[in-house]
Amino acid sequence: MEIEKYKIEEHNQAASAAHKRAFDYISGEVKNAQAIIDKLAAFQVAIPSWALGTGGTRFGRFPGGGEPRSLEEKIEDIGLLHKLNQSSGAISLHIPWDIPKNASHIKALAAQHGIRFDAMNSNTFQDQPDQQHSYKFGSLQHVKKEVRQQAIDHNIEVINYGRELGSDSLTVWLSDGSCFPGQLNFRQAFQHTLSGLQEIYAALPSDWKMFVEYKAFEPNFYSTTVGDWGQSLLYASKLGPKAYTLVDLGHHHPNVNIEQIVSLLLMEGKLGGFHFNDSKYGDDDLTVGAIKPYQLFLIFNELVEGMDARGMDHATGLGWMIDASHNVKDPLEDLLQSVEAIMISYAQALMVDRKKLQEAQESNDVAAAQEVLQQAFRTDVRALVAEARLRAGGALNPLGVYRAEKVREHLIKERGLKTVATGL
Ligand code: LRH
Ligand code: MN
Ligand code: MN
């Protein structure tokens, strides 16, 4: 399935009068419209290979059909997204779900679609059929050396796959922890985990980063060995300058102030990147911006302020990734919506009147500070985001084109109705 360029142009033509009206209005309202458009055009969000099929829950799974059956088809799906929005030019792989059997072929296919390889993910939270030792009681934290060694070896293998593909980072998420009080010696679990991470760190190429992803709960529900940003930062600090904390928005207890965490990690030079998603209860992995769009904006507000203060390039300074799961929506539609939500929040954060905000903060004018933030958040910037896409060769309305061109129907015809993508 391919969407021809002229088709996108035809759709853009049909939508151009309405877009022009909206764009003329917003460019009159916003001071730095041109600069925002340039920044939006440079910003790319990586799509997780495991979010291209139906996720389901432990109660059931309702596949929609036409799901990618191989790594090649996953890359092709992301190629479709990128063609429509010009902002999804990267993929994040999970090993062993996505073993590249022929790396140079996979690399060439990705390049053909304008896609690069973002962080590689290791998996020591599931037992694989050919695996010698079980991860039932953890991986790097395990009381038995041979289990820890198996997890270390797996991570090094993932680095090697990433090297072949041109990736430059490894995300380590461990489900390690305990289900009941007394099950673990916390200090020993931490120290085993740290020394395992140190061995993996030592195997990183010099220009690579390691992201230590934390999560407060699930699958362990009493303790988690990398349970919050404090623990992740502790590991990352002890590991060294190539290690950073990764923030997955769904990995916190309810109501945690994530934007403050982001601000302080950035200040310390230890923020590595994101797994964007949204949640109402736990690690729901819902569409970005679907539940708490103001929180997403506040996070981007800290990102823009903090990255500018450190002179970081917005597009390349951090790892921008989605980590979502789809139970009832078409995964590709959902991902288009997620990328759009990220772009909207980023554009709004770029609009914040920093001088006014600082003045309000310096004079303890709390109401004025809130006004500055909400002025940006309540501005409809969708036409700015659409203009950036248009100039980059994408669609004014990616979801509209996806539906009008009947992409899912074509994929079902090509791949069949009973498809199961590898992943969660
Ligand atoms: C854990 C997690 C982590 C995994 C992915 C599949 O909840 O967020 O990033 O690699 O889900
Ligand atoms: Mn994640
Ligand atoms: Mn998660």
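This is a predicted model: local features need pLDDT of at least 70, side-chain atom pairs count only at pLDDT 80 or more; totals for chains, interfaces and linings use all residues.
Trainee: What confidence does the predictor assign to the protein chain?

Mentor: The pLDDT of the protein chain averages 97, and 100% of the residues score at least 70. For the model, ipTM is 0.99 and pTM is 0.98.

Trainee: How many helices and strands does the protein chain contain?

Mentor: The protein chain has 15 helices and 11 strands.

Trainee: Why is the chain called as compact as a globular protein of that length?

Mentor: The radius of gyration of the protein chain is 22 Å, and the globule rule gives 22 Å for 424 residues; the two values are close, so the chain is as compact as a globular protein of that length. Along the principal axes, its C-alpha atoms fill a box of roughly 65 × 60 × 40 Å. Buried residues account for 46% of the 424 residues.

Trainee: What share of the contacts between residues at least 6 apart in sequence joins residues at least 24 apart?

Mentor: In the protein chain, that share is 80%.

Trainee: Why is Ile8 called buried?

Mentor: The term requires 20 or more other C-beta atoms within 10 Å. Ile8 has 21 within that distance, and it is therefore buried. Ile8 belongs to helix 1.

Trainee: Which residues does Ile8 touch, leaving aside those up to four places away in sequence?

Mentor: Ile8 touches Ile3, Ala395 and Val401. Ile8 and Leu390, 382 residues apart in sequence, have C-alpha atoms 9.8 Å apart in space.

Trainee: Which residues of helix 2 are buried, and how do you know whether they lie on the same side or on opposite sides?

Mentor: Within helix 2, residues 33-42, the buried residues include Ala33, Ile36, Ile37 and Leu40. These residues cover an arc of only 100° around the axis, which places them on the same side of helix 2. The face turned away from this buried side carries Gln34 and Ala35, which are exposed.

Trainee: What covers the buried residues of helix 2?

Mentor: The cover includes helix 1 (5-29), helix 10 (331-351) and helix 13 (382-391).

Trainee: Which residues come nearest to ligand 1, and what makes up the shell around it?

Mentor: Of the 10 residues around ligand 1, the nearest are Asn121, Trp173, Asp248, Asp283 and Asp323. The shell comprises 5 charged, 3 nonpolar and 2 polar residues.

Technical notes:
Residues are numbered from 1 along each chain as its sequence is written. Chains are lettered from A and ligands numbered from 1 in the order in which they are written. A residue is near a molecule or strand if its C-beta atom, placed from the backbone, lies within 6 Å of it. Ala, Val, Leu, Ile, Met, Phe, Trp, Tyr, Cys and Pro count as nonpolar, Asp, Glu, Lys and Arg as charged, and the others, Gly among them, as polar. Helices (H or I, at least four residues) and strands (E, at least two) are DSSP runs, numbered from the N terminus. The radius of gyration is taken over C-alpha atoms; the globule rule is 2.2 Å times the number of residues to the power 0.38. A residue is buried if 20 or more other C-beta atoms lie within 10 Å of its own, exposed if 12 or fewer, and partly exposed in between; C-beta atoms are placed from the backbone. Two residues are in contact if their C-beta atoms, placed from the backbone, lie within 7 Å. The arc is that of the directions from the helix axis to the C-beta atoms. pLDDT is the predictor's confidence in each residue, from 0 to 100.
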